[in-house]
Amino acid sequence: MAFIQTGGKPLIGSLLSTAVGLWLRSQVDKIDHLHLNIEGSNRALLSGDIPGVSVAAENAIYQGLHLTQVQLQGSNIRFNLGQILKGQPLHLLDAFFVTGNLHLNQSDLNQSLQAPMLVQALNEFVLSLLIALTQTPSPSSYDSQRKENDSWVQSVQRIQDPQITLETDHLILNSQLLFDSGELLSFQLKTGLEIANFRELMLVQPQVQIYDINTELHLDNYIIDLGSDIKIQNLILSHELLEIQATLKVNP
């Protein structure tokens, strides 16, 4: 289901609305209840520029990511008007920024963990976190045997069967660690999650337990750099729900 509006007159607005709607649907595997609003006069739109656009959707799937609710706003979007008038698909000419609100419920988030882009990212994150945890001094007798006992970290290949539980102010990741030998060990990460700055998230006092070898590791904080194409304004963790407000760069 789609609902499309345009602030311009029918001359170009309806044609452009259709083109943008088709382009949005071509970017996702699934999308429900799409609401698209294009702002701008015919003069602006005929110059190949969309002054403003807002998008709201439910139950969208983008590259394997399951998005419960999405609300986006973009501006100054340049597109290939001449080709659209000849019946060709819409293409972006320049990068632009969108600001939006994203809601992920726990079920959709766990389905998203199977997406190829998240599988690799989650593996790299867990392995780097384990290295950081085992290299951080702690005031315990465990430190005296650190070099000998922590060699197991280098034998971890990847994680398997990850599942995330969302609670107010913290999350829990349960998984299994696959070792070079083929052995699987149960793994749990419990951590708070906050914004460190616009492009970085901070795990607050992450705790890792590896039950089969009775190992527990702690760290004060751990920073995740998301890159320069994203700016996070707000993040809320509540029971079975993650809410994010962010600005994201969209490249042609």
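Buried means under 20% relative accessible area, exposed means over 50%, and partly exposed covers what lies in between. Keep that scale at hand for the exercises below, which all concern a predicted model.

**Exercise 1. Asp94 and its partner**

Task: Work out how Asp94 counts on the accessibility scale, and find which residue forms a salt bridge with Asp94.

Solution: 
- Step 1. Asp94 has 35% relative accessibility, so Asp94 counts as partly exposed.
- Step 2. Look for the partner: Arg78 forms the salt bridge with Asp94, and their closest N and O atoms are 2.7 Å apart.
- Step 3. Asp94 sits in the loop between helix H3 (81-85) and strand S5 (96-105), while Arg78 belongs to strand S4 (residues 65-78), so the pair ties together parts that are 16 residues apart in sequence.
- Step 4. Check Arg78 too: with a relative accessible area of 37%, Arg78 is partly exposed.

**Exercise 2. The other salt bridges**

Task: How many salt bridges does the model have, counting a side-chain nitrogen of Lys or Arg within 4 Å of a carboxyl oxygen of Asp or Glu?

Solution: 
- Step 1. By this rule the count is three; the Asp94 and Arg78 pair is one of them.
- Step 2. Another joins the side chains of Lys30 and Asp32, at 3.9 Å from N to O. Lys30 has a relative accessible area of 40% and is partly exposed; Asp32, at 23%, is partly exposed as well.
- Step 3. Arg199 and Asp225 also form a salt bridge, with their closest N and O atoms 3.0 Å apart. Arg199 lies in the loop between strand S8 (184-197) and S9, and Asp225 in strand S11 (residues 221-225), so this pair ties together parts 26 residues apart in sequence.
- Step 4. Arg199 is partly exposed at 34% relative accessible area, and Asp225 is partly exposed at 43%.

Note on methods
Residues are numbered from 1 along each chain as its sequence is written. This is a predicted model: local features need pLDDT of at least 70, side-chain atom pairs count only at pLDDT 80 or more; totals for chains, interfaces and linings use all residues. Side-chain values use heavy atoms; hydrogens and water are left out. Buried means under 20% relative accessible area, exposed over 50%, partly exposed in between (1.4 Å probe, protein chains only). Helices (H or I, at least four residues) and strands (E, at least two) are DSSP runs, numbered from the N terminus.
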